[in-house]
Amino acid sequence: MLEIRDLSITLQTAQGPKKVVQHVDFQIPTGTTLGIVGESGSGKTMLCYAILQLFRESRHYGGDILLEGRSLLGMDEQQLRCLRGNDVACILQNPMAMFNPIITIGKHMVETLQAHRSLSKKQALHIATEQLAFFQLTDSRLLKKYPHELSGGMLQRVMIAMAMSLRPKLLLADEPTTALDTMTQLKILEELSHCQQQYQTTMLIVSHDLGVIARMADQIVVMRRGKIMEYGPAERILQNPVHSYTKALVAAKRKDDQLEKLVDSWSGDTNGILYELDTNYWVRQEESRC
Amino acid sequence: MKKHLSLIISSLLVLVLVVMALFAPWLAPHDPYTTDIANKLQGFSMQYPLGTDHLGRCVLSRLLYGTRTSLLLASGVLFITLIISIIVGCLAGYIGGLVDLVLMRICDVLLSIPDFIFALVIVGALGGGIKNMFVAISFVSWVGFARIIRNMVRSLKESTYVQYARLTGVPKRKIIRRHILPFVFPQIFLLKLIGLGSTILLISELSFLGLGVTAPMAEWGMMINDSKTYLMSEPTLMFIPGIMISLTVLIFNWFGDALRTAMDAKI
Amino acid sequence: MLKIQQVSKTYRKKRLFGEHETIEAVKNMSFTLKQGVCLAIVGESGSGKTTLGKLIIGMEKPDSGIIQFDHINLATTCKEEKKQLQKNIQIVFQDCHSAVNPKMKIRDIIAEPMNCHLQLTKQQQLEKIKELLVQVGLSERDAQKYPHQLSGGQLQRVTIARAIATDPKLIILDESINSLDILVQISILKLLKKLQQERGFSYLFITHDLHAVSLFADEVAVVDQGEVVEFLHDVSQIPCMTHPISQRLLASRLPINRQEISSLQGEQVS
């Protein structure tokens, strides 16, 4: 479904060009979920924006991004506009910032639907209500409410409902649960799983929380400073991480470790080559630590 | 370089005005107060580049000295109103409650009267003259800014670091000095710079009505007033100061705008 | 050291038309916190844990009940006592970027509480600031920097240095590690633990992250709808919590072990 081929992203900053993503390769088969885990500065959010081809003017891309075989980097603005929302949808980190505060939820949803399908307002409203019901948001007054009247968790669920209302082929979720409580987090992830089961949506989830990734992903990509450290099947990486950075992240989440024993920083070498440990399992080589 | 072209050009023009004001005694070809009835209402000549007025005074010299009057007065107003509006705004915004209510209601009442009319009333009550005009314009100008500052202070008060300072027991005046003023001051100074054009206009308006500067002081508005009678015969006497007023206001507005754009870009 | 007795706080939401909505943020809460102990207050948003933090630091006043710190009532009007409270109870906020004045240098940020409570000469103050910076894992040269020149983790260390500058007895950590990266969170928790061992602080750790609690805290209070629903004196007992709310919190953790995930999924469905 989605193939990232040797992608590099360079940002034009006041201090000169800055490489934020370097030579990243991975594939997401249709109907599966890939999780990207990394800390701030790892380039994971840049990747999301790259797939959506936002902020094209200030970034320089090397390599290619292929959606169902079509190159996204080669498309013009018109083609991309059709693509966004329709084939590729996204939910981003801070739900409150994603809504226009003076427009009701209902109007938001109708606007999204009408932008891509020729529907009358009545039809759009009907689909919107159905969509919300699917995500167990059955309050009939919800469509008339304003974004600030809902909690962060509710808004995020509405965002997911809106994103899925056009049945996109690919759903990007950039830190979808970071601003939320543990119980709400779980609810959101359950709904995302539900989506995938129902519609066979391909998903790309980006998070700094390995717990979120562990719950959702079939494959995991571990990123650090714009490069891939480890990329492979989720189960194997979580059970037996190979790269020391992945090991540090996994250890931080283990239940039985004591605080003193956990790694609290990682400053290893990121310049080693990426080698194929197994089929579709790549690890970056590190200098041997004696 | 290209981005800041607006700012560079407008700053240079402001500099020209400032130079004109500061060095008027050296730049002016003649004394602006010397009358020479024999040479009254002369056209442009080598001796009098912009001609003479109805009392034989050199128009160019009076124009240059007029720059002095306008800029000096306007700067004085800026300084005084800055102080008053910051004090009122900070008190209302930080202390809140009854103090805020009373001060803001006073501002509301004062704001409901148009600037010019209000200044007119004050000058009418106090009498004409440069000092009273200064008081009138200052009194009229601080009100709007006080409200802006009060709103700024109110929102700054809610910021986490101000809350921390209060919780730790930092005294009020220190909080205002270290956490509020550094943010309020640059914004308000900018706004005032942009408002300088309006102040200059107000000065000219009052002087035109004869309520501002008194003869024989050189001031553009008064120059227009003096030349009313000669509109048909010597129209340049009216147009020249009029154009000067327009240009000055335009330059200051442009400068303020360019400065604001440049500062926004930095943020 | 800290005693909360039957404390309640209600908020009234004013509406233009219709009735006023009242929210009982804290309902008759009672517990004690001893010197040198870290008590975690765990709950979801709306549970009252944030309000509790605000009541203890003095941002809000309780409607009923007493909060006592070292036998001083928090509602005291005596200036001396108030100063004592301000010196001894400090707070580290969730967002380090908004918790500091972006126009102030790091050394002035840390000096702020010191100027109120410690009588030191300029030289002594500077020495102490350098000491504090080293203690929290930063370098002495950072004193000259501005907040935007530091990363999130480094800035949070600065706010910790500021909090310990007055040698307080109690530090409230209000979701202080949430917005940081995972490894940085671990490093901050380690730092706080080290400081506790060296200087004997007590912590009130307000969070919704049970995993961090099990790594860091000594005691746990689970709150829901303004009440303490379960109190553990031993953090290792967390997996054995019995109250339905506690169990829901346990069930909504996100482990990374595959077997745990499937067993939790089984629980969640039922």
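Me: What percentage of the contacts in chain B with a separation of 6 or more comes from residues 24 or more positions apart?

Reply: In this predicted model, residues 24 or more positions apart account for 68% of the contacts in chain B with a separation of 6 or more. Of the 267 residues in chain B, 38% are buried, and along its principal axes the C-alpha trace spans about 75 × 50 × 25 Å.

Me: How many helices and how many strands are there in chain B?

Reply: Chain B has 10 helices and 0 strands, and the pattern read along its sequence is accordingly written α-α-α-α-α-α-α-α-α-α.

Me: How should I read the crossing of two helices, and at what angle do the axes of helix 1 and helix 3 of chain B cross?

Reply: A crossing is read from the angle between the two axes, and angles of 65 to 115 degrees count as roughly perpendicular. The axes of helix 1 (residues 5-22) and helix 3 (residues 59-95) of chain B come within 7 Å and cross at roughly 105 degrees, and these two helices are therefore roughly perpendicular to each other. On the side of helix 1 of chain B the contact is made by B:L17, B:V18, B:M20 and B:A21, while helix 3 of chain B contributes B:L64, B:T67, B:R68, B:L71 and B:L72. By class, the residues of this contact divide into 7 nonpolar, 1 polar and 1 charged.

Me: Turning to chain C, which order do the 6 strands of the open sheet follow, and which of them are edge strands?

Reply: The 6 strands of this open sheet in chain C follow the order 6-7-8-3-9-10, with mixed pairing. Its edge strands are strand 6 (89-92) and strand 10 (227-232) of chain C, each of which pairs on one side only, and the twist from one strand to the next averages 20 degrees. Strand 6 of chain C runs parallel to strand 7 (residues 170-174) of chain C and is joined to it by 4 bridges, with C:I89 standing opposite C:L170 of strand 7.

Me: Which strands of chain C does strand 1 pair with in the antiparallel sense?

Reply: Strand 1 (residues 2-13) of chain C runs antiparallel to strand 2 (residues 21-33) of chain C, the two being joined by 9 bridges, and within this pairing C:T10 has C:E24 of strand 2 as its bridge partner. Strand 1 of chain C also pairs in the antiparallel sense with strand 4 (residues 64-69) of chain C, over 5 bridges, and there the bridge partner of C:K3 is C:Q68 of strand 4.

Me: What is the class make-up of the side of chain C that touches chain A?

Reply: In that contact 22 residues of chain C meet 27 residues of chain A. Helix 6 (182-199), helix 7 (210-216), helix 8 (244-251) and helix 9 (258-269) of chain C each supply at least two residues of the chain C side, and the largest share, 7 residues, comes from helix 6 of chain C. By class, the side of chain C that touches chain A has 11 nonpolar, 4 polar and 7 charged residues.

Conventions
Residues are numbered from 1 along each chain as its sequence is written. Chains are lettered from A and ligands numbered from 1 in the order in which they are written. This is a predicted model: local features need pLDDT of at least 70, side-chain atom pairs count only at pLDDT 80 or more; totals for chains, interfaces and linings use all residues. A residue is buried if 20 or more other C-beta atoms lie within 10 Å of its own, exposed if 12 or fewer, and partly exposed in between; C-beta atoms are placed from the backbone. Two residues are in contact if their C-beta atoms, placed from the backbone, lie within 7 Å. Two strands pair if DSSP finds at least two bridges between them. Ala, Val, Leu, Ile, Met, Phe, Trp, Tyr, Cys and Pro count as nonpolar, Asp, Glu, Lys and Arg as charged, and the others, Gly among them, as polar. Axes are lines fitted to C-alpha atoms, for helices over the stretch in contact, and angles run from 0 to 180 degrees between N-to-C directions. Angles under 35 degrees count as roughly parallel, over 145 as roughly antiparallel, 65 to 115 as roughly perpendicular and the rest as oblique.
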